[in-house]
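Let's take a walk through a protein model together. Have the sequence and the 3D view ready, and look up each part as it comes along.

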Amino acid sequence: MSWTKVLAVDALSPGAREVVKVGNRKILLLNHENQLYAVDNNCPHLKLPLKSGKITESGAIVCTFHRSAFDLRTGEVQGWCAWPPGVGKVLSLVSQPKTLPVFPIRVEEGNIWVDVQEE
């Protein structure tokens, strides 16, 4: 395991989001309903940033660019958008649904730590 201290827990108030760099990865930290999450900031569909994605009632983050949705806890696909419209169905044969990488997170001595394995 490669635990890295990324942010003071006080810097991530309820509802806040912050992108931190760990090694070569950009990790999106979220405080959603007083629960901390660490996910890859790049949507696995088209590698676009997830920082401004909407959080659903079921706890999924939805990519603002093409509406693919991923469970914050597991990274499992909640909805995979065949994008762009018109040719999306053809492209979906090439681009199969991929889970969003999620990372273990812990709070220790007032800091958020994330376990990120390098690619």
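First, a word on the ground rules. This is a predicted model, so local features need pLDDT of at least 70 and side-chain atom pairs count only at pLDDT 80 or more, while totals for chains, interfaces and linings use all residues. Residues are numbered from 1 along each chain as its sequence is written, and side-chain values use heavy atoms, with hydrogens and water left out.

**Strands**

Strands here are DSSP runs of E with at least two residues, numbered from the N terminus, and two of them pair if DSSP finds at least two bridges between them. Start with an open, antiparallel sheet of three strands, in the order β2-β3-β4. Its edges are β2 (17–22) and β4 (35–40), each of which pairs on one side only. On average, neighbouring strands in this sheet are turned by 25° against each other, direction ignored; the axes are lines fitted to C-alpha atoms, and angles run from 0 to 180 degrees between N-to-C directions.

| Pair | Bridges | Facing residues |
|---|---|---|
| β2 and β3 (residues 25–32) | six | Lys21 and Lys26 |
| β9 (residues 105–108) and β10 (residues 111–115) | four | Ile105 and Val114 |

The β9 and β10 hairpin has two residues between its strands, and Glu109 there takes a positive phi near 50°.

**Cores**

A nonpolar core is a set of buried Ala, Val, Leu, Ile, Met, Phe, Trp, Tyr and Cys residues joined through side-chain atoms within 4.5 Å. Buried means under 20% relative accessible area, exposed over 50%, and partly exposed in between (1.4 Å probe, protein chains only). The largest core has 14 residues, and Val6, Leu12, Ile27, Leu29 and Val114 touch the most other members. β1 (3–8), β2, β3, β4 and β10 each give two or more residues to this core. Apart from it lies another core of 13 residues, including Leu50 and Trp80.

**Two loop residues**

Is His66 buried or exposed? His66 sits in the loop between β6 (60–62) and β7 (69–71), and it counts as buried because its relative accessibility is 1%. Its side chain makes a polar contact of 3.0 Å with that of His45; such a contact is a pair of N or O atoms within 3.5 Å, and within protein one must be able to donate a hydrogen and the other to accept it, while residues adjacent in sequence count only if both atoms are side-chain atoms.

Glu76, in the loop between β7 and β8 (77–79), counts as partly exposed because its relative accessibility is 44%. Glu76 and Thr99 are 23 residues apart in sequence, yet 5.0 Å apart in space, C-alpha to C-alpha.
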